[in-house]
Every structure is written in C-alpha cells, then in structure tokens.
Amino acid sequence: MQTQQTTLDNGLRIVTCSRPNTETVSLGIWIKTGSAYEDKSINGISHFLEHMVFKGTKNRSSLQISEEIENVGGQNNAYTSREFTAFYARMLKDDAELAMDVISDLILNPTFPEEELVKEREVVVQEIKQTIDSPDDIIFDHFQEQAFSNQPLGRSILGTIEKVRSFDAGILQKYMKTNYAAENIVVCAVGNISHEKFVEMCRQRLSGLQQKVSFTIQPQKYVGGFFAEDRDIEQVHVALGFRGFAYDSDYYYPTMIFSTLFGGGMSSRLFQEIREKLGLVYTVYGFANSHTQTGMAGIYAGTTPNELKKLLPVVAQEIKKVCYDKVDIKELNRAKAQIKASMLMALESSSSTSEVIARQMLLFGRVLPTEEIVEKIENVTLDDIRDTANKIFSTKPTYALLGSLKKYPDYEQLQKLLKI
C-alpha cells in the first residue's frame, strides 16, 4: 500500500493511495472527535451534528446534497463513533472533485435551519428508542457505561432523548468550532486520482479551516461494574468484559490474536465448547475494543433464561483454561491467518483502505506499512497469548445482563467463578 502525504499550512493532513487501474475514487474527511470527547451536558452532539450537516449548507439544500452525488451514480455517507467522525463518498474517477466539493461544504458551511433542527431532533429520538427496543444493541450501551462509569467514553454515542431535544444551532456551531480544526482532521482519497490533483482540491476548499482544536481530552479509565435489567423477552443477553489495551500498547496485537482464537469464529474455543458441544447458545463471540488511552476485551452471548446458570460457569472454565493451559500452536496460527486475511481482504476495497489510512494517521501520525503490521502479528508467541490472557482476566469484570432474569449468578458470584 503505497501512499503520498502532504500537509497544508494550516496543519491539515492529506493522504492518497493511487490505484490507476480502477475506475473509482473513495474519498472523505475524518475528524478525531466523537462521544468520548463530549462533556456530559452535550452527550450525543457529535452524532446529532453528523445528521444535521446534511440538512443544508450555504450552497446546497438537503435535497441538492443528495442529488448531486446520486445524479452521477455516486454514494456518500457518514458515521460517528466514540473517537471518530467521518464524511465520505465513492464516485467514478471523473466525479471526484464534485464529491470533494460536497463533502467539504458539509463541514465548512452548514446552516442548521430551525425547521430541520425540529425534525431531526425527533428522528434521532426515534433512533434512540429503536436502540432501546433492540436488546442486542442496548446491552452494549449499558455494558460500556459500567466499564467506563462517569466518563465520556462510557456514555451513549446517540446521547439521551433529553439532551438531543436541547440541541440548537448555537450549540452545534460552538461544537464545530471547538472540535473541527485542521490539526484534528485527515482527508484521504484512494483510487484513480493523482496526489497533486487531490491536494489542490483540498487546498482550494479547506485552507481556511482553523488550525487548532480548543478542547481537552478527558482521561479514559476502565473501572468495571454490574448492570441487570429484567425484561420480558425470550432471550437473556449477556456481556462480560475486562480491561483491555490502547491502540498504541505492546499488547494490542496479542489481544487481537487472543480474542480471535478465544471467540472470533466458528473454530474458536467459545463457539466450539458453548454452542457446538453444549448447545447453550445460538450466538457467542469474543471481542476486543481499543481506544486512545485504554481498551476492553470481552464476550457476548445470547441464551435462554434456563441456560444462563449453566452458561457462565462454562465461560469461566474456558477463561481459566486459556490462562493456565498453553495455547496450541495450531490455534495461534489459525488466529494469525484469520487476522491477516481479514486485513488484506479489506485493503482490496478502496473504501476500506481510505478508512484504514485515515484512522492510522489520526491515531499514529503516519500510515503503518502492511508489512510492519504483518510482522507484528507474526511475532506474537504462545507465551504472549498466555500473558495477555492473564493480564486481561485478572482485572475487575464488567457484567451486564438484559432479559428475563430468574436465577443467575450475581456480580459477587461471578467474581468467584472467574477467580484465577
């Protein structure tokens, strides 16, 4: 993956990856901001702002924003996560400048018309209610809230109904001025486009961005905790987590590999033991989430109320096995192969590649060579996996349950089950 980089005078970083044999370009603007950078009083504003910029700019109506992209067969979208916000598009190569013009317009010139604010508040409220009504979604909000209690990182990306209904144009404009600055932004294009041409597109449109952000990143600290909601549904949703590692930790790659072999696919330990052998669940998997300062590794399962009492002791048993018993070399190699294949397959997509490049630039200040990542994956040893597992599972657990709760191990009982 060969890239070229240019930094404008205001600090805006521009990166391209040329693929001259393709007919398309994927491009976008990535900002290092999200719900983890919000004060409690404005929780949910990053996501609401992402919605509102599409509702009109000084140059385009909401309909024109959609039509200009779709009239030439392009696709555009946006997302908000805990630490990133992105606006991106994929177009035929001859329409790349149009896409850049539209996306730049979104972050430079939104007007936040009052009638659209009124409507969009209720749209996002409906989104919040839909999440609340989806147990396998809302369980992770409760889970995150316990893991990072009383911190921005623990709050919902969507915010609360009360907060969303309080957002007005002034609050949105202030947030953009605080967080949408050149030093906090990466612009990226992947596909059939020259670096010089793309830099000039960006220079013409984004040179006027303010240089510096004016917010303070709050500390991120895993704390752990317990949540349970009794709800009259058929399944019990279970999330179990532990302190993980930040993006720049030496344990980042060992954690990715460990999580994959422990619960990352149909051949993983959790799937084979809990679903295939014992039939206690339909869904079970492991996950590892990294953040700028910390991380979390965990397990999710959906089971019936009657099987819940059996499930958690088995999970605890599998945790102890991976901490005490040496991992098989075949498991390790299979997990490495899964991670490498997933990464390399994703890099065949221009959209995925632009995402990878932008996130790496925002996190590390450089694009990580694929060969460097592969080497780090290959260098993980069996001892590294065991050491990583012990470090993860020796921390205070986060335990969240949602469903028809009759008899289940409480938090204290769970801690006894997990004691290594």
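**Cores**

Which residues in the largest nonpolar core touch the most other members? I looked this up in what is a predicted model, and the answer is Ile257, Ile274, Ile319 and Phe393, out of 66 residues in that core. I then checked who contributes: helix α11, residues 305-324, brings the largest share of this core with nine residues.

**The five-stranded sheet**

Next I wanted the strand order. Reading across, I get β7-β11-β8-β10-β9, an open sheet of five strands with mixed pairing. The edges are β7 (225-230) and β9, since each of these pairs on one side only. I also looked up the twist, which averages 10 degrees from one strand to the next.

**Around β2**

Is β2 mostly covered or mostly open? I counted along residues 13-18 and found the strand mostly covered, with five of its six residues buried.

Then I went through its partners. Strand β1 (residues 4-7) runs antiparallel to β2, and four bridges join the two. One landmark there is threonine 6, whose bridge partner in β2 is isoleucine 14. The hairpin of β1 and β2 has five residues between the strands. Within that hairpin, glycine 11 takes a positive phi near 95 degrees.

The other partner I looked up is β6 (residues 185-191). It runs parallel to β2, joined by six bridges. My landmark for this pair is arginine 13, which has valine 186 in β6 as its bridge partner.

**The largest pocket**

How much space lies in the largest pocket? About 1600 Å³. I listed 50 lining residues, and those closest to the pocket's centre are Tyr247, Tyr252, Ala288, Ser290 and Arg359.

I wanted to know which elements supply the lining. At least two residues each come from α4 (114-132), α5 (135-147), α9 (252-263), β9 (283-290), α12 (329-346), α13 (350-364) and α14 (370-378). The top contributor is α13, which gives seven residues. I remembered β9 from the sheet, where it is an edge strand; here β9 is one of the elements that line the pocket.

Sorting the lining by class, I got 22 nonpolar residues, 16 polar and twelve charged.

**The second largest pocket**

The second largest pocket holds about 440 Å³ of space. It has 20 lining residues, and Asn43, Glu145, Arg155, Ser156 and Thr160 are the closest to its centre.

Which helix gives the most to this lining? I found that it is α5, with four residues. Helices α4 and α5 each supply at least two residues here, and both also turn up in my list for the largest pocket.

Conventions:
Residues are numbered from 1 along each chain as its sequence is written. This is a predicted model: local features need pLDDT of at least 70, side-chain atom pairs count only at pLDDT 80 or more; totals for chains, interfaces and linings use all residues. Side-chain values use heavy atoms; hydrogens and water are left out. On a 1 Å grid over the protein atoms alone, a cavity is a set of points where a 1.4 Å probe fits but cannot get out, and a pocket is an open set with protein on both sides within 12 Å along at least five of seven lines; lining residues have an atom within 4 Å of a point. Grid points are joined across faces, edges and corners, and a volume is the space filled by probe spheres set on the points. Ala, Val, Leu, Ile, Met, Phe, Trp, Tyr, Cys and Pro count as nonpolar, Asp, Glu, Lys and Arg as charged, and the others, Gly among them, as polar. A nonpolar core is a set of buried Ala, Val, Leu, Ile, Met, Phe, Trp, Tyr and Cys residues joined through side-chain atoms within 4.5 Å. Buried means under 20% relative accessible area, exposed over 50%, partly exposed in between (1.4 Å probe, protein chains only). Two strands pair if DSSP finds at least two bridges between them. Axes are lines fitted to C-alpha atoms, for helices over the stretch in contact, and angles run from 0 to 180 degrees between N-to-C directions.
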